Amino acid sequence: MALVQISYFAWVRERMGIGGETVALPAAITSVGAVIAWLAARDAAGAAAFAEPAQIRAAVDGNMVGHDAGFTSTSDIALFPPVTGG
Amino acid sequence: MKHVHITAQAIDVSSEISFHDSGGHGASASFVGRVRGDGGLTELFLEHHPTMTTAALDALAAGALARWPLAAVTVVHRVGAMTPGQVIVLVLTSSDHRAAALAATAYLIDRLKTDVPLWKRESYADGRVSWVAPRESDTARAAAWD
């Protein structure tokens, strides 16, 4: 079971109700996309934040990645909506 | 010169221009993005990532320096709460001739909108609060530089 740090931004943060958390993930969860699906199934906040996985962008250890990307037990995963700066 | 930062304070455009221009460049171009008060907007809030935002702005500026013969690049982005009329973002580029400076300025603001972790939240006089959705046209403009 991996203990992974996950942080949330913008409306993902608001819907989760927290800026981040340390999560004990089942061993079968090995990709960012699987983390998103796992969070969506975990509770109501996760279901609200991750109802549309295609809307979610991700970074692992500061690098933007696709949902198929993997991570390690010491990884820092960030989950957020498409960016809108400028 | 590459000068990139985010700030929670008001952006002082004239002092940024003075700092950028200290090299005495032949051609300089600028882009200033300000908060619009459309539809009764009272506050624009910019959320950022504690480490990725600055790193992405720096990588963006490095990309422009690699692509055009630029003597100087300045990118300053404000974060936090701001009101209509205030400056959100400032891009300054300089080169020996105008073509590189003008193109690099357009590149930087187009790519900033799709490549840098920043999120806009709008608050209106009637109490509405909403996160801004990305625009198809912004995505297309950014992709045109590939």
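**Helix 2 of chain A**

I began with helix 2 of chain A (residues 32–42), whose buried residues are V32(A), V35(A), I36(A) and L39(A). These residues lie on the same side of helix 2 of chain A, because they cover an arc of only 100 degrees around the axis. I took the arc from the directions from the helix axis to the C-beta atoms. Buried stands for 20 or more other C-beta atoms within 10 Å of a residue's own, exposed for 12 or fewer, and partly exposed for values in between, with C-beta atoms placed from the backbone. Helices (H or I, at least four residues) and strands (E, at least two) are DSSP runs, numbered from the N terminus.

I noted the source: this is a predicted model, where local features need pLDDT of at least 70 and side-chain atom pairs count only at pLDDT 80 or more, while totals for chains, interfaces and linings use all residues. Residues are numbered from 1 along each chain as its sequence is written, and chains are lettered from A and ligands numbered from 1 in the order in which they are written.

I then looked up what covers the buried residues of helix 2 of chain A; the cover includes strand 2 (20–25), helix 3 (44–49), strand 3 (57–60), strand 4 (63–65) and strand 5 (76–80) of chain A. Contact here means C-beta atoms, placed from the backbone, within 7 Å.

**Positive phi in chain A**

Most residues other than glycine have a negative phi. I checked A10(A), which is not a glycine and has a positive phi of about 55 degrees. A10(A) is in helix 1 (residues 10–16) of chain A and is buried, with 22 other C-beta atoms within 10 Å. D61(A) also came up, with a positive phi near 50 degrees. D61(A) sits in the loop between strand 3 and strand 4 of chain A and is partly exposed, having 14 other C-beta atoms within 10 Å.

**Chain B against chain A**

I found 21 residues of chain B in contact with 13 residues of chain A. On the side of chain B that touches chain A, strand 3 (41–48), helix 2 (52–67), helix 3 (98–115) and strand 7 (118–124) of chain B each supply at least two residues. Helix 3 of chain B gives the most to that side, with four residues.

**Helix packing in chain B**

I looked up helix 2 and helix 3 of chain B: their axes come within 10 Å and cross at roughly 150 degrees. Helix 2 of chain B is therefore roughly antiparallel to helix 3 of chain B. Axes are lines fitted to C-alpha atoms, for helices over the stretch in contact, and angles run from 0 to 180 degrees between N-to-C directions. Angles under 35 degrees count as roughly parallel, over 145 as roughly antiparallel, 65 to 115 as roughly perpendicular and the rest as oblique. A56(B), L60(B) and A64(B) of helix 2 of chain B make the contact with residues of helix 3 of chain B, including Y107(B) and L112(B).

Helix 3 of chain B also packs against helix 4 (residues 136–143) of chain B, at an angle of about 120 degrees with the axes 8 Å apart. I record helix 3 and helix 4 of chain B as oblique to each other.

**F45(B)**

I ended with F45(B), in strand 3 of chain B. F45(B) counts as partly exposed, with 16 C-beta neighbours inside 10 Å. Its C-alpha atom is separated by 6.2 Å from that of M82(B), 37 residues apart along the chain. Not counting residues up to four places away in sequence, F45(B) touches G80(B), A81(B) and R121(B).

Methods. Contact = placed C-beta atoms within 7 Å.
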